[in-house]
Each structure stands twice: as structure tokens, then as C-alpha cells.
Amino acid sequence: MAKTILVVDDSASFRQVVALTLKGAGYDVVEAGDGKDALTKLDGRKIHLIISDVNMPNMDGIAFLKQVKLHPNYKFTPVVMLTTEGQDAKKNEGREAGAKAWIVKPFMPPQVLDAVAKLVLP
Amino acid sequence: MSARVDLPAEFNIYAVADVWRSVNAGLPGAGSSDALAIDCAQLREIDAAGVQVLLSLAHTARQRAIALQFESMPAFLSERLQALGAADLFATSHDGETRHE
Amino acid sequence: MSEDILDQARALFFAEAREMCEQIESSLLQLEEDPADRELLNALFRAAHTIKGSAGLFGLDAVVGFTHHVENSLDRLREGLISLDISFTSLLFECSDHIKLMLRDAESARDGAAPDPSVEQASGGLVVRLAPFTGASAVAQSPAVAAAAAGAGEALTDNKNWHLSLRFGKDTFRDGFDPLAIINYLATLGEVMSVRVLTEPIPAFDALDPESCHLGFEISLQTSASKEQIESAFDLVRESCTVRIIPPDRRVADIVALIESSGNGAAHLGDILVDSGAITRHELEQALATQNAVPAGDTTRVLLGEMLVKERIAPATAVDAALTQQTRNRDAKTEEARFVRVRSDKLDELINLVGELVIASAGTTIQAQKTRDSALVESTLSMGRLIEEIRNGALSLRMVPIGETFAKFKRVVRDVAGELAKEVSLEIIGAETELDKSVVEHIGDPLMHLVRNALDHGMETPDEREAAGKPRCGRVVLSACHDSGGILIKIEDDGRGIRRDKVLAKAIEKGLVAPGATPADSEIDNLIFEAGFSTADKVTNLSGRGVGMDVVRRNIEGLRGAVRIQSVTGGGTTVSIRLPLTLAIIDGFLVRVGDCSFVIPLSHVIECIDGATALTGAANETTGMLALRDAALPVVHLNRMFGIKAESSLRQSVVVVRNGTEKAGLVVDHLLGEFQTVIKPLGKMFRNVRGIAGSTILGSGEVGLILDIGSLTEIARAQADAHEHQRGSASSSQRGADHANA
């Protein structure tokens, strides 16, 4: 059974590239435009990995992370946060909220697959 | 009386606490020469947390001389245990064909 | 012809080396009289060092190898890690004799005689006896011993494959990581030959917390990947996993060969090892952090090479090779004085131009991004990175060690102590610490004042010290070290400490503290930095020269630094000065007024008030007052000051800044937060604008102006005073500081 990955980012083009990359590697992908949208789309369903941007409208990545970690179905789900360089303060905030893995933007599609492979068994 | 535990379909970090609780409740004491059957019929996937529970269980069972019986162990699990060099802990469950490096 | 010259040089070397041996012996004899004489200890070390360095030039490897151990032990002696007792002294005499013997051997070998094998044997014997003094384990022993130790270490590996030891942290599962996924990922790098899970650390079933991870793995991996690439498999779990990566034998041999042949000129052992691929940058940083957890000079502090070998981070043979290379580098550096004198104004001009270049490059990048031409964007970005490196390189040209500044205090301490009839010894730590030349130039005066102060006020007379149960000779330590992006200079004395009762009495007298108030000890200590403070009972010719500690503080704050004082009654005083590494880079607080961005040097910022109300003052005046916690704070409206159209509907914010003892508020539209930036000198146009100290380029490519807090607080204060005169003395009680002194 294919593993499902949630991709949260306010840039539609970014989501498309990441989703396409992941689908190409055989993962199922759920896309969301911001934290609120992501919570709605999750709705308790099985997710193996969350990839989320930090800066987003409505509900940013950190707030989303705090929410999602409260849900019993997601408290141990690995989260990869996407950040731009030099956001150390945000990183600490995210770390406290439970994000242990980070990818620095900009990155190339193979880097996403690499990170996913280190976190989720195929 | 021999105890029996069913492993869930997804034996992962979300399930380990429940499984541990039910196994621990039915775990025979030392020297009781009882057996513990572990039914893997439903098991579809396992993560390192699940493997760790099995390792601890196998080790403790050996110390207490409890016979562990894995029922319908799926190929992927025996392969995975073998890949981790841990298959010999579960030697009772199959022919004891373990490979050492 | 050149043969002749070489022969002459050789002859000269043998004569020199014998002289050095004699120097070793005479130093040893003198040290028996005075075992703590630093000059003698240094001379001793230098003698061995010189022999080793020159012997290398003439290919006398046996002499180099042996003297290396002697030098090591002398270095540790010099550092105070070991002491010179009778057995060590006589061993060193034997070593000196042995070096002379080796020299003679080498000289006669030149004349065709066969080298004496018994000499080599004797070297080995002495090296073994020296081992306890060199503090070396497998690292710096004779090559044979080192090789044996290395062999033992690598017997753990199966020679052909990489060996990985993984220990996952307790929270691994809870953090969402699955060690099985990572092991699976390793298979993408090569072939996983075997995995063994460690069952011993896993608790018995009834004691198991199933959500905590107790897993450890020993993995054998066959791959052509580099250590760095293998380590990247663990980059996401770095915080929750301890990783040891041991290269296969063949790799170790490659690494050793690489170190030996590369001619890597790096001065640091770690850099040589990283460059050769023996360890990764991350492993080095971790090892250094562990090492630095023990303060320098502490005997339990281990050498980097030793630790790397002990923790199985690096193979012993590689560390050995790197150590040899490092020594070679050091020697090379001392052989040729590799310095070029450059006029500092040329350097400043270069740095200024580089600043312009950074700005131009930021502009180019923005233009390129507008074109959406990805190739163009890519190349401007890589150009930007190079320019960044050029900037860092240019800034580092201005860095000089603080040692020279420190050294002149030896004399000062001796003279001042003599004048005051006190006994004081000065210790200097971290003389090699580098900082910006302009900072070094400006720190001399404040340091002089603080050192004199320590001797004059802090240090007791020898009799007083004896009565207090302290050694008659007092101790002052000047130290410098790099600390969180800046430099930390400390002046420590073991004198009587600050007399808080006197300071407090004085402060109450000066109106700095309300009568009856009980400030914390540290607050009282730092009162001495307030204007017009001196608690000396009698005015000596040292104190009372009209320069107070407030001037020291102002000077240090002028360098964008900060100064703190800590004192233990009867135990001594420590003054800590924190300075930026360079004046060309600033930690700033970014604010926005209308469409302009301003940068406030962070060291001046006390607090920020978002959406301040209770601002008084006429709507068109530049300055006004703000009621802040029952006190009136003079404020400057930056929009009016600089004629900027502010967003009038907006709630305004206030940044409270401090210059010396003066406080003022700056009224702005938006608080944008902290950032680090390069200071650019102002163009001609702005040079005469009051309140602006410089400019900088923001990430967006837009120019930000750096505010001159000194003149702004002055403006605020002057206006506030004018108000006060108009309204009589009604509000004078709100004025905290004694501004008559300011």
C-alpha cells in the first residue's frame, strides 16, 4: 500500500512540483494551501509524513504543527518543515512545536525524495 | 493456560503502547513453562518501534523460558528481522535458518 | 656549487642544534632554582622546537621524530599541564644527550658510516618513558606503537567495508523518526553487508516503555560514497542519533596518503582531517564543542586528536599523519615570515569597495529575478555567494590578535603595583584571539583604566591579603576569547571585591538610588559605571584623574560593546567586556517609518513598545514625552525629524534606546526585528544629516539608514530640558539620572 504524504504550501506551483515528484516516486499526495486547509483535508485520515511550509496565510506552519500534533492520529507523524535560510528563530519555535526535520528552500526535487526516503519506509 | 496476542495490521509507534499493555498483562511469569502465541495474521506493516517491542519480548521470553510461537508470520517480517541480524532471537518461529555475517 | 652551500648549511645546522641542546640543559639547570619561570620554560620549548624544525629541512627524520616527543612534553610543561620534578628533569637531560648522540650519528652517516641501530632502539626506549609526560595515548607515540594501536582499532572493521555504529536517542520514535527507514536509505548509497541490532540496551519487556527508543545498530556498508555522503543519511536525525562512521582500511590508507601528499597548509588539525575526508565538518564541530565544554587550561581537557581516536571518530593513523602535517605547517610558517605590510587606508578602501560590490550585486540579483530568466538568476546567485566570500575575506584582513595590546599591560601592572606597594602578577590568556584592528585600537584606553582600577581599588596590600588568608601576591588575569559571534574580554582580579555598602551610600548620595531602596548585589556592582562615581577613600594619583568608569562604559558602548561587572566580596572582581568582532558588521534592530527603513544598533536597544499610547507633545514637534511606567521618557518622532510622511492612521511604536545613562524613545511606524548587516559609510549627501551614522543594504536591496543613537538621545534630552524650563521644575522629580554630570 502506497504511503500518503501531506504537502502544505501556499504556492500552488510549488505544491504541484513537489506533488508531482512524490507521485512519480509512488507516494500518494494530499495537497493543502495553508494550515487551516490542511486540518480540514486531514480529518483523521492516515498520513505517513507531513511536509509543510512555515510562512503561509490564515494559519502558518508552526501554528498548524501545534494543532496537528494534538491529534492522536498525528502526534508521532514525522514532519518536515520548509524554511528559507537564516530563520533560526522560526526553527527553534518549530522544534519546540515538534518539527525535527528541516529542508532549506530553495531545493531541487531529488532532495525532497531523499528526505522522504530517510523518514518513511517504502 | 497459554497466552495469545494478535498483532494489529499496522504495528507501529501508534500501536506499540496498546500491544505492549495487552501482552504485558498476559505475559506468563518465570518458570511457568507456559507458551505465548503471537498471531501475525493481520500484520501488514511494522516500524522500528514495533520491532523493538518484539526484540524486548523475545529476549524476556528466552530469559523466563517462555516458548514464543509466531503464527502466520509474514515473509516481510522474517526478512526484516533477518536483515537486522535479530532473526536468531526468534529462532523458534521458523527452521532456525539464520545467516550470520 | 649548490652542493657546497647545502654542506655549509648542514654544518651550520649541526652547530646550531648542539647549541640548542646546551640551551636545553642550561635552562633545565636554572629551572631547578625557579621552576615557574615562564621565560625559561618558553626557551626550553623553543630550543626543542628549533631542533625539530631545522632537522626536518635536512631530512633527519629520526631526529625530527624523537624531538617531536620531547617538544610535546615541553609544550605541556609550558602550559602548566605537568610539572618539572626530579625524574622529569633527569629524563630531559637524557633526551638532550640522546639528541646530541643522534646528531653525531647523522653527521657521521653523512661521511659514509652506517647508522648505529642501537641509537634507534634507545630512541624508542626514551619515547616510551616520555609518554606519561606527552599526555599522548595512541596519537603521538612512536610510529610503531601508533600503528599497532591503529591496527587494534580497525580490527573492529572488516577491512573492506565502512562500519557504522548508530545509537538512537530516547525520543526518536516520538519525533517521528523510523530507524528502519534510515537503514533502508543507507542501501541507496551502496550495499548493506550486514546489520546487527543491539539487544542489550533494550529493557526487559515488563520494564519497556514502548514509545521510547533504545535501539542501536552496527552496520557494515560497502560503498564508494564519501564519509560526508554517508553522514548525510543522518542529517535529519542529527539531534536524536549518535553516529560513528569508521572507514575501511583501504580508505584509511588513502586518507593517510592524501594527508601526506596534499601539502595542506591548514594550521588546525581538524581542518586537515576534514579536508582529507577523515572526519566530516559536523563531526569536527561536535568534537570541538565537547572539548570546549572543559575550560582551557583544565587538566581534564583532552587534545582533539586524542579524543577523535578514542571516540573512534577518526582512525589513529590518519590523526597521526595530520599531526605530522600540522607540525610541518607550523614550522613552515615560522621558517618564512609570511607577512605583507599593507597600509591600513588601502585596506579600508578595499573593504569599502567590497561593500559597494555587495550592494551592486544585490541590485543585480533583484534585476535578474525580475527577468525570470532562471539561468541568469542562478549565475547572479552564485556570483552573490562569491562576493559574500570576498567580503568575509576582506573583513578578516583587518583582524589582528589582541596579544600585543595585552602584552603592554605586563609592564603597566609591574609599575603600578610597585607604585602602590602591592604585589601583583598578571596572567594573559587567549592572546591569539583576533578582532578588528579598529576595535583593538580603541580598547586600549578602557582596558588601561580597568586594569589600573583593579590594582588601585580591587587589590589589597600584601599585609591585608595575608590577614585575609590569601597569598601575598595578588593575581590579575586578562583574557580574551571568541564567544557567540563576538569577543569576550575579561579583567579578573582576586582582590577584595566591590565594597557594596560604600557604592550604595554613594549612589544614594548622588540620587541614583532612592534612600531605603535595596537593589540586588549585581545592580549595586554595576552602579559604578554611572557618571561621577568614585569610591576611593583617598585620591591617589591613579584614581581621581577625572576619568570615571562611566567614560569606560561610554567608550565600550561606542564600539557597540557592553560591559558588566561581577564581584564577590573578599574574593575579587571580574569585569567582562563584550565586543563585536568587527565594526564593519552590525547587529541591528530594523524599524520602518513611512517608506523608509532605519537600523538601530542592537546594543543600544532596551525595549520595544508596540502601539504606544500616552504620547504627549504637539503634533508637529520633533520631540515629545512618553509616560512609561510612571516616568517621563523624552521621545523623538523619526518621521518629523527626517521629514518623512508617516502612515498617520497607524498606531505608532516606540523603541527605547540607551546611550550611556541617557534614555530616549524613538517613535516609529513598524517594528521589524533583529538582523545582522554590513555597515557602509555614508555617501557625501548624508554625511551632514544629524542622527544618521551610516547606511546598509537590506535583504530586499533597499537602503537602510543606521541611526546615530548618541545624537538622537541628545536631541531628545535637549528638548525635554527645554520643556522642563518652560514648565518650571514641576516634572523634575521624574528625572531619574543625575544629568548635571552627563
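Visitor: Before we look at anything, when do two strands count as a pair here?
Guide: Two strands pair if DSSP finds at least two bridges between them, and please keep in mind that what we are looking at is a predicted model.

Visitor: Okay, so how do E6(C) and strand E8 of chain C pair, and over how many bridges?
Guide: E6(C) and strand E8, which covers residues 474-483 of chain C, run in the parallel sense and are joined over six bridges. Within E8(C), C:Leu478 is the residue that stands opposite C:Ile428.

Visitor: What holds strands together in general?
Guide: Strands of a sheet pair through backbone hydrogen bonds, and they can do so either parallel or antiparallel.

Visitor: Which strands form the open sheet with E6, and in what order?
Guide: The open sheet in chain C is built from five strands in the order E6-E8-E9-E11-E10, and the pairing in this sheet is mixed.

Visitor: And why is one side of E6 and of E10 left without a neighbour?
Guide: Strand E6 (424-429) and strand E10 (562-568) of chain C stand at the edges of the sheet and have a single partner strand each, so one side of each has no neighbour there.

Visitor: How much are neighbouring strands turned against each other?
Guide: On average, and with direction ignored, neighbouring strands of this sheet are turned by 15 degrees against each other.

Visitor: New topic: how many residues does each chain bring to the contact between C and B?
Guide: Chain C brings 22 residues to the contact, while chain B brings 23 residues. On the side of chain C that touches chain B, helix H7 (179-186) and strand E2 (191-197) each supply at least two residues.

Visitor: Which element gives the most?
Guide: That is E2(C), which gives five residues to the side of chain C that touches chain B. Sorted by class, that side of chain C has 14 nonpolar residues, together with four polar and four charged ones.

Visitor: What is chain B made of?
Guide: Chain B contains three helices and five strands, and from the N terminus on its elements follow the pattern β-β-α-β-β-α-β-α. Of its 101 residues, 39% are buried.

Visitor: What about chain C, then?
Guide: Chain C has 23 helices and 22 strands, and 36% of its 742 residues count as buried.

Visitor: Last one: what share of the contacts in each chain joins residues at least 24 apart?
Guide: If we take the contacts with a separation of 6 or more, residues 24 or more positions apart account for 76% in chain B, and for chain C, among contacts between residues at least 6 apart in sequence, the share is 68%.

Terms used
Residues numbered from 1 in each chain as written. Chains lettered and ligands numbered in written order. Predicted model: local features only at pLDDT ≥ 70, side-chain atom pairs only at ≥ 80, totals over all residues. Helix = DSSP H or I, 4+ residues; strand = E, 2+ residues; numbered from the N terminus. Axes fitted to C-alpha atoms, helices over the stretch in contact; angles between N-to-C directions. Contact = placed C-beta atoms within 7 Å. Nonpolar A, V, L, I, M, F, W, Y, C, P; charged D, E, K, R; others polar. Buried ≥ 20, exposed ≤ 12 C-beta atoms within 10 Å, placed from the backbone.
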